[in-house]
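The sequence and the model are shown first, and a description follows.

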Amino acid sequence: MTFFTAVGLLVTPVLISSSKPTDIGAAYTIEAFRKNALLFTQSLTELNEAVKTLSGDTASLARAKKCLLNCRLQYKRIAFFTAYFFPSETKLYNAPAVYEVEEPELELEEPMGLQQIEALLFDKNPLGCKKELLQQTDAIYTSAEDLPSLLYQFEATDRQVLESLRLELIRMATLYISGYDAPWLKSGIQETLQASNAMQETLQPYLKQDNQQGKLLSETLDKAIGYLSAHQDFDSFDRMAYLTRFNLPLQQQLGGFIKSLDLESNTTAHLNYATANLFSAGFLNYWDAIPAGQRKELIAVGKDLFFDRSLSGNLQVSCATCHIPEQYFADGKFRSASMVRDSVLKRNTPTLLYAGYQHMQFWDGRAPDLAAQVKDVLFSPIEMGSSHAWLQKNVWGNPRYRQILENFLQDGPPTPEQQTQVIATAIAAYVNSLSPMNSPFDRYVRGDKQAMTGTQIKGFNLFMGKAQCGTCHFPPYFNALLPPLFDISETEVLGTPLTDQLKTPTDDNDLGRYDLYQIRFYRQAFKTPTVRNAQKTAPYMHNGAFNTLETVLDFYNKGGGHGIGLETEAQTLSDQALNLTSPEMQQIIQFINALTDDPKSFSAN
């Protein structure tokens with residue numbers, strides 16, 4: 001039996017302690033939540049009344065939007081608490097305004113909550129949505145009204161309260177400032193302020209412990225609140241300044257403060273609290289089954305296997321044939337050549353850099369992890385054309401490989417399937433190591449203020465703000481890994497055309513994830529790749545349709561498939577134009593260029 005077994009990507013559930021809380025601030029936090037939950041409920045009453053009076057005039061619509069804004073701001077004062085302790089209620093209040101498929105049960109969840117209300121109020125015909133708006137406001141109000149009942153015999157510990165604040169800081173840095181929750185209200189900065197105020201309120205009992213770490217934390221939080229209060233405009237907000245001057249230091253300082261109180265707790269599956277902040281190396285733990293002491297050796301043999309053509313059925317192809325280190329582990333082609341003469345593969349070859357930080361592999365997400373992806377490619381008759389018997393002969397028959405790989409097997413003669421699993425895991429370990437995070441952007445957020453230009457910083461602010469790129473390409477890897485738990489990778493339906501002719505677009509007949517699950521909301525759904533190193537990995541999109549970043553930005557700026565005139569079913573990308581100017585799009589491209597890693601860190605030598 002192999003040492004390696006399939007590892008389920010399960011998030012460790014939050015356990016509500018039945019023991020007596022340490023009670024520095026847990027009881028205080030519960031009472032503050034009770035108070036703020038009441039204010040949230042009152043704001044929902046006002047929203048419901050505004051929706052009831054919604055008519056064809058602009059004033060009634062403006063009133064409803066204003067009431068929605070107030071609801072969102074009130075909600076952000078309790079969001080850290082509900083997300084940690086009451087995740088089901090959180091989903092009801094603030095779920096994305098799209099249909100979601102819960103796998104593996106394939107249960108369909110309808111859009112609901114404040115985000116869906118926003119989508120309806122900003123619809124082209126909001127009055128026509130009045131019935132659904134009332135259903136949504138009634139449902140949220142009924143749930144919020146029951147929030148106090150959740151506190152019956154409820155107990156929490158200081159460790160849990162402080163961890164909930166750690167996670168909230170990550171939400172602020174990734175979701176709130178990007179407008180992920182409210183793209184049309186553009187209330188993300190105001191919401192970040194309210195979340196910061198709630199954090200300040202929650203920390204008060206803990207800060208009375210009067211230690212040096214607490215004083216520093218309090219000072220930085222005060223300055224962050226002052227900065228957010230003075231800079232409320234969503235489009236012009238300097239996200240880079242907020243992150244580097246306030247949020248990232250707060251992540252580090254809160255971690256140090258929690259440690260000083262001996263109240264550390266980690267109920268997450270992937271976060272490494274020993275790191276300073278979300279842009280630190282090692283911020284996420286590996287989610288494979290390789291013990292740390294054996295990782296280095298397995299990566300080394302995996303690297304050799306990656307470049308070895310003897311793994312392929314025709315002895316002509318290796319992993320590096322299509323994933324070329326000098327081309328940032330892509331190949332620069334529209335589609336890679338197939339092992340079948342005069343044919344190409346179905347989809348564009350993406351970079352392998354940061355591929356390990358996804359919870360699904362391939363464009364359609366059909367492989368749950370890197371090892372499964374490797375086996376799929378090895379045995380594909382059009383990619384590497386290998387087999388168990390072939391690998392047994394050319395890998396296990398090679399004394400150099402066998403001597404190392406046998407260390408990763410348990411006692412007893414291995415089956416061919418077990419041998420293949422170790423080979424795939426070794427290659428996956430090497431691929432997983434390809435996450436250098438040494439780009440100019442990384443150097444900048446770690447303190448080198450000369451690493452990025454002013455234009456690139458403006459581009460980052462647009463990327464994470466007005467352009468809405470950061471609502472799908474989440475930091476720190478700028479891919480589909482969803483904060484703050486980073487436990488799922490999202491797919492999106494963009495409506496990407498077959499070619500780069502946006503004025504006369506042609507539908508692409510690639511159905512993406514729909515080929516795996518016959519659900520209409522998966523039609524043309526694809527995994528969101530990393531934007532890191534995109535400057536070096538053209539052409540773009542699952543089909544290689546776009547040759548330049550300018551075309552990619554133009555496509556998004558126009559509103560995706562719908563925006564250019566295609567009838568894309570269940571498009572998750574908004575079809576509203578972003579109204580980015582040509583200079584703004586160039587600034588975003590310059591920021592993307594600043595995400596280019598130093599190739600010396602992943603050379604083939």
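This is a predicted model: local features need pLDDT of at least 70, side-chain atom pairs count only at pLDDT 80 or more; totals for chains, interfaces and linings use all residues.

Phenylalanine 329 belongs to the loop that runs between helix H13 (319-322) and helix H14 (370-379). Its phi is near 60°, a positive value in a residue other than glycine.

Phenylalanine 486 also has a positive phi, of about 55°, although it is not a glycine. This residue is found in the loop between H19 and E3. Phenylalanine 486 is buried, because its relative accessible area is 0%. As background, most residues other than glycine have a negative phi, and most peptide bonds are trans.

## Cis peptide bonds

Proline 475 and proline 476 are joined by a cis peptide bond, with omega at about 10°. Proline 476 has its place in the loop between H19 and E3.

A cis peptide bond is also found between alanine 538 and proline 539, where omega is about 0°. Proline 539 lies in the loop that connects strand E4 (525-527) with helix H20 (549-558).

Is glutamine 468 buried or exposed? Its relative accessibility is 16%, so glutamine 468 counts as buried, the cut-off for buried being under 20%. Leaving aside residues up to four places away in sequence, glutamine 468 touches Pro183, Trp184, Leu462, Phe463 and Leu578.

Alanine 26 is part of helix H1 (residues 26-52). With a relative accessible area of 0%, alanine 26 is buried. Alanine 26 and aspartate 158 are 132 residues apart along the chain, yet their C-alpha atoms are separated by 5.1 Å.

## Nonpolar cores

The largest nonpolar core contains 172 residues, and those with the most contacts inside it are Phe40, Leu203, Leu405 and Phe441. For phenylalanine 441, the residues touched are Met240, Phe279, Met452, Phe460, Phe478, Arg532, Phe591, Ala594 and Leu595, with residues up to four places away in sequence not counted.

In soluble globular proteins, nonpolar side chains tend to be buried together.

## Helices H10 and H11

Two packed helices are described by the angle between their axes and the distance between the axes. Helix H10 (residues 212-230) packs against helix H11 (residues 239-260) at an angle of about 150°, and the axes are 9 Å apart. H10 is therefore roughly antiparallel to H11, since angles over 145 degrees count as roughly antiparallel. Their crossing is left-handed.

On the H10 side, the contact is made by Gln213, Gly214, Leu216, Leu217, Thr220, Leu221, Lys223, Ala224, Tyr227 and Leu228. H11 contributes Ala241, Tyr242, Arg245, Phe246, Pro249, Leu250, Gln253, Leu254, Gly256, Phe257 and Ser260. By class, the residues of this contact are 13 nonpolar, 6 polar and 2 charged.

## Helices H4 and H6

The axes of helix H4 (residues 87-94) and helix H6 (residues 130-145) cross at roughly 150° and come within 10 Å. H4 and H6 are therefore roughly antiparallel to each other. The crossing of H4 and H6 is left-handed.

Which residues make this contact? H4 supplies Glu89, Leu92 and Tyr93, and H6 supplies Ala139, Ile140, Ser143 and Ala144. The contact of H4 with H6 divides into 5 nonpolar, 1 polar and 1 charged residues.

## Helices H15 and H17

Helix H15 (residues 388-396) and helix H17 (residues 416-432) have axes that come within 9 Å and cross at roughly 60°. The crossing of H15 and H17 is left-handed.

In H15, the residues that take part are His388, Leu391, Gln392, Val395 and Trp396. They meet Pro416, Glu417, Gln419, Thr420, Val422 and Ile423 in H17. The contact of H15 with H17 has 6 nonpolar, 4 polar and 1 charged residues.

How values were computed. Residues are numbered from 1 along each chain as its sequence is written. Side-chain values use heavy atoms; hydrogens and water are left out. Axes are lines fitted to C-alpha atoms, for helices over the stretch in contact, and angles run from 0 to 180 degrees between N-to-C directions. Helices (H or I, at least four residues) and strands (E, at least two) are DSSP runs, numbered from the N terminus. Angles under 35 degrees count as roughly parallel, over 145 as roughly antiparallel, 65 to 115 as roughly perpendicular and the rest as oblique. A crossing is left-handed if the near helix is turned anticlockwise from the far one by less than a right angle, and right-handed if clockwise. Contact means heavy atoms within 4.5 Å. Ala, Val, Leu, Ile, Met, Phe, Trp, Tyr, Cys and Pro count as nonpolar, Asp, Glu, Lys and Arg as charged, and the others, Gly among them, as polar. A nonpolar core is a set of buried Ala, Val, Leu, Ile, Met, Phe, Trp, Tyr and Cys residues joined through side-chain atoms within 4.5 Å. Buried means under 20% relative accessible area, exposed over 50%, partly exposed in between (1.4 Å probe, protein chains only).
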